[in-house]
Amino acid sequence: MTRHTATFTPTGLTRREQRDLKRELARSQREQAPVRVARKDRMLPEPVVPGPFGPGIMAGGYWNLQRAWIPAHQATSQHIAGIYPFVADTGLGHRGPILGVDLNADALWHFSPWEAYVDDSERGTFSTNILVLGAYRGGKSATVKTLVTRSIAFGHQVVVPSDPKGEWVTVAQAIPGGRVIRLGDGTGTRLNPLDRGPRRTGASDEQHEQMVHQRRIGTLIALIEMTLGSRLTAVEHAAILDALDRCITATSDQPTLRGVYEELGHLAADTTAEFGAADGAIQPRFVLRRFVEGDLSGLFEDASTVQFDQDAPIVVSDTSELFARGDLAAQLTQVCSTAWIQAVISDRAAHRTRYVVREEGWRDMTSLSSLQMFQQWLKLSRHYGISNIVILHKMGDLDAVGDDGSLERSLAYSIVGDIENKFIFRVNHQEQTALRTRLNLPAPHVEMARQLRKGQFLAYVGQYSYLVDCFATSTPWEYELFATDDAVSPADFDDPERRLVDVDQLDTLWPDPIPDADAGVEGWLTPDPRDATPEHS
């Protein structure tokens, strides 16, 4: 360490006095100089490079050609936030409705799939669809309802093609202008899944006719394969195409399931038809008979009795009454109602952005034809300005699609894995492997998902992930309206008021004494005469 000393020499001194002053100053500097100690006594390491590059290059110094290496500091984001409290993630910006609080940045988290899609930065995404996955009572439904209802103020429309539990009905009734389409329960409402739908903007006549024809034949094949539990043969497929074409001609391009059913009957009765067309019409006709004369009659076999309200903020198709008729009826109902909804909202000319909420999303993927329709619909969502919200309780729901190792199950997992935007709520222990292998989530995120509280979820938007608490911004009105487990309350398990038995009622609970009973052992073994019943000979 360099020391600087300043001396002041008074004037008027003789040469002798000046020499004496210099000697005194030098003696003072020597006395203040530190005592030189050997390196070993000072506990200093020996120089790495001996010789001129060691301590001898300058008195008391240390020289080393090798640079000192200090390992980088490693810590968790929580500790780093404590060291640098003003450094946080920027999030997705402030475009779109508020969905909750980003727990990592301690800031409001805004989200809109359309805003994320048009974002050209690294935080943008390439899809508008959303996968919502989580165990029961994790807050999935309430979070989705919060997102879509707050998005109404931004001009987005909400469409629920099939409401199996009736929980969206209360939401539609609470929103001014909401529309509910009730199916079953004697309402007389009918939806025709073979409706043409509006004209596609920008499509030629040939393209439009081809798209309508593919959707109609896809709906018919999905219904029949779902009921039969197997794929159609080439003859059956040809019979359905022939019956559909005949029905279109006979009804002036207004086909219905009843019309196709009747045309299949005509084909089945024509024993002179070539290539066994009569035999190929038998099985499909038996399937459509369920819609015409069976338990699903009066719902989908004739022309539609209602129209889709383009101006309604939310449209819900209530199918809760039909889901009580069995699992197969529920799947057929969801296919028909979804086909009708897709036909009427696939119009770019409407210039509307819509959320399509698919409750029990695995029901849309129960056969190969329905899987192909679902995959095509997800791909065209950006073209029509639609955001499909697919809700699953667990990845194991897709195990109901086809057999293990089948093409159907592989395609179902591929469809779900390709959805770029994901909301992962609390999951069970059994889901760890599926989340890592099927969705490619990091192991720390999977462990975090097992410990999430109600209303918290991991949001994956594009290449970034966020930890969001939706219920932190929920209002009492939203929380009460969106609650789906109100039937289970703490009062059912723990009553805060202690209930005591009335002392006066204890005597009524105590059995009456037996008259003239013997106090001995024999008396206890004697049966009560009141319990004796007369024997019949």
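## A loop residue to start from

Tyr136 sits in the loop between S3 and helix H4 (140-151); helices (H or I, at least four residues) and strands (E, at least two) are DSSP runs, numbered from the N terminus. The model is a predicted one, where local features need pLDDT of at least 70, side-chain atom pairs count only at pLDDT 80 or more, and totals for chains, interfaces and linings use all residues. Residues are numbered from 1 along each chain as its sequence is written, and side-chain values use heavy atoms, with hydrogens and water left out.

Is Tyr136 buried or exposed? With a relative accessible area of 56%, Tyr136 is exposed; buried means under 20% relative accessible area, exposed over 50%, and partly exposed in between (1.4 Å probe, protein chains only). Leaving aside neighbours within four places in sequence, Tyr136 is in contact (heavy atoms within 4.5 Å) with His393 and Arg426. Tyr136 and Lys454 are 318 residues apart in sequence, yet their C-alpha atoms are 9.9 Å apart in space.

## Two residues with positive phi

Most residues other than glycine have a negative phi. Arg137 has a phi near 60°, a positive value in a residue other than glycine. Arg137 lies in the loop between S3 and H4 and counts as exposed, at 54% relative accessibility.

Asp253 also has a positive phi, near 65°. You will find Asp253 in the loop between helix H7 (234-250) and helix H8 (257-269). Its relative accessible area of 25% makes Asp253 partly exposed.

## The chain as a whole

Of its 537 residues, 43% count as buried. Among contacts in the chain with a separation of 6 or more, 69% are between residues 24 or more positions apart.

The chain exposes about 31,300 Å², and carbon and sulfur atoms supply 53% of that area. Accessible areas come from the Shrake-Rupley method with a 1.4 Å probe; for residues, only the protein chains shown count as cover.

## Helices H6 and H12

Two packed helices are described by the angle between their axes and the distance between the axes. The axes of helix H6 (residues 205-228) and helix H12 (residues 327-345) come within 10 Å and cross at roughly 175°. These axes are lines fitted to C-alpha atoms, for helices over the stretch in contact, and angles run from 0 to 180 degrees between N-to-C directions. H6 and H12 are therefore roughly antiparallel to each other, a term for angles over 145 degrees. Residues making the contact include Arg215, Thr219 and Leu223 of H6 and Leu328, Gln331 and Ala339 of H12. By class, this contact has nine nonpolar, three polar and one charged residues; Ala, Val, Leu, Ile, Met, Phe, Trp, Tyr, Cys and Pro count as nonpolar, Asp, Glu, Lys and Arg as charged, and the others, Gly among them, as polar.

Thr219, found in helix H6, is buried, with a relative accessible area of 0%. Which residues does Thr219 touch, not counting those up to four places away in sequence? They are Pro193, Ala339 and Met373.

The twelve residues of helix H15 (residues 407-418) should span 16 Å at 1.5 Å a residue, and the end C-alpha atoms are 16 Å apart, which agrees. The expected span is 1.5 Å times one less than the number of residues.

The buried residues of H15 are Glu408, Arg409, Leu411, Ala412, Tyr413, Ile415 and Val416. They pack against strand S3 (130-133), helix H13 (368-379), strand S8 (386-392) and helix H16 (432-438).

Notes
Parallel < 35°, antiparallel > 145°, perpendicular 65-115°, else oblique.
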